[in-house]
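Please walk through this protein chain with me, from its overall fold down to single side chains.

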Amino acid sequence: MLSHLSVGSFYIGRQCYLAYQTDQHGRLLNAKILSMRSTGSNDGGSTNVVYELAVDFDGVERIVKGSQTIDTFYSYQLEPGKEIQIKYLDDKNILFQYRK
């Protein structure tokens, strides 16, 4: 039987692995933010959001919805109507590419 600590460690490790895979193997695509809504925050200063994007797949636009934890420092770049770049592995694994 797995303890809560083991399950939590597995989840965090899996999330890190998926973020790494998306960063290394994801396609760089353009997207327009249709909606972005905060669903809460954590102790580290990050914000949990749900989003809806219009993603340009080589000239074909498709709507992608999901959720992600973002660094609050970059939240001003993620307002509805703004154009952004994303790293796209699949509909569940997307990384926002922030302007530094």
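In the predicted model, β4 and β5 pair in the antiparallel sense, with 5 bridges between them. The link from β4 to β5 is a hairpin of 2 residues. Two of the pairings can be followed residue by residue. Isoleucine 86 has phenylalanine 96 of β5 as its bridge partner, and lysine 87 has leucine 95 of β5.

The protein chain contains 1 helix and 5 strands, and the elements follow one another from the N terminus as α-β-β-β-β-β. The strands form an open sheet of 5 strands in the order β3-β2-β1-β4-β5, with antiparallel pairing. Because β3 and β5 have a single partner strand each, they stand at the edges, and one side of each has no neighbour in the sheet. On average, neighbouring strands of the sheet are turned by 40° against each other, direction ignored.

Which residues have the most contacts inside the largest nonpolar core? That core has 17 residues, and the ones with the most contacts inside it are Met36, Leu53, Val55, Leu78, Ile84, Ile86 and Phe96. The elements that contribute two or more residues to the core are β1 (27-41), β2 (46-57), β3 (60-71), β4 (83-90) and β5 (93-97). The largest share, 5 residues, is supplied by β2.

Apart from residues up to four places away in sequence, phenylalanine 96 touches Met36, Tyr51, Leu53, Gln68, Ile70, Leu78, Ile84, Gln85 and Ile86. Among these contacts is Ile86, the residue whose bridge partner in β5 is phenylalanine 96. Met36, Leu53, Leu78, Ile84 and Ile86 are touched by phenylalanine 96 and are also listed among the residues with the most contacts inside the core.

A search of the whole structure finds 4 aromatic pairs. One of them joins phenylalanine 57 and tyrosine 88: their ring centres are 5.0 Å apart and their planes stand at 85°, so the pair is edge-to-face. Phenylalanine 57 lies in strand β2 and tyrosine 88 in strand β4, so this pair ties together parts that are 31 residues apart in sequence. Are the two residues buried or exposed? Phenylalanine 57 counts as buried because its relative accessibility is 14%, and tyrosine 88 counts as buried because its relative accessibility is 9%.

The rings of tyrosine 74 and tyrosine 98 are arranged in another way: the centres are 4.5 Å apart and the planes at 15°, so the pair is stacked. Tyrosine 74 is in the loop between β3 and β4, and tyrosine 98 is in the segment after β5, so the pair connects parts that are 24 residues apart in sequence. Tyrosine 74 has 14% relative accessibility and therefore counts as buried. Ring pairs link Phe73, Tyr74 and Tyr98 into a cluster.

Arginine 99 is also placed in the segment after β5. Leaving aside neighbours within four places in sequence, arginine 99 is in contact with Tyr74, Gln77 and Glu83. Arginine 99 and tyrosine 74 are 25 residues apart in sequence, and their C-alpha atoms are 8.4 Å apart in space. With a relative accessible area of 48%, arginine 99 is partly exposed.

A local point of backbone geometry lies elsewhere. Aspartate 58 is found in the loop between β2 and β3. Most residues other than glycine have a negative phi. Aspartate 58 has a phi near 50°, a positive value in a residue other than glycine. Its relative accessible area is 66%, so aspartate 58 is exposed.

Some totals for the chain complete the account. Of the 100 residues in the protein chain, 29% are buried. The protein chain exposes about 6900 Å², of which carbon and sulfur atoms supply 53%. Among contacts between residues at least 6 apart in sequence, 50% join residues at least 24 apart.

Methods:
Residues are numbered from 1 along each chain as its sequence is written. This is a predicted model: local features need pLDDT of at least 70, side-chain atom pairs count only at pLDDT 80 or more; totals for chains, interfaces and linings use all residues. Side-chain values use heavy atoms; hydrogens and water are left out. A nonpolar core is a set of buried Ala, Val, Leu, Ile, Met, Phe, Trp, Tyr and Cys residues joined through side-chain atoms within 4.5 Å. Buried means under 20% relative accessible area, exposed over 50%, partly exposed in between (1.4 Å probe, protein chains only). Helices (H or I, at least four residues) and strands (E, at least two) are DSSP runs, numbered from the N terminus. Contact means heavy atoms within 4.5 Å. Two strands pair if DSSP finds at least two bridges between them. Axes are lines fitted to C-alpha atoms, for helices over the stretch in contact, and angles run from 0 to 180 degrees between N-to-C directions. Rings of Phe, Tyr and Trp (its six-membered ring) pair if their centres lie within 6.5 Å; planes under 30 degrees apart count as stacked, over 60 as edge-to-face and the rest as tilted. Accessible areas come from the Shrake-Rupley method with a 1.4 Å probe; for residues, only the protein chains shown count as cover.
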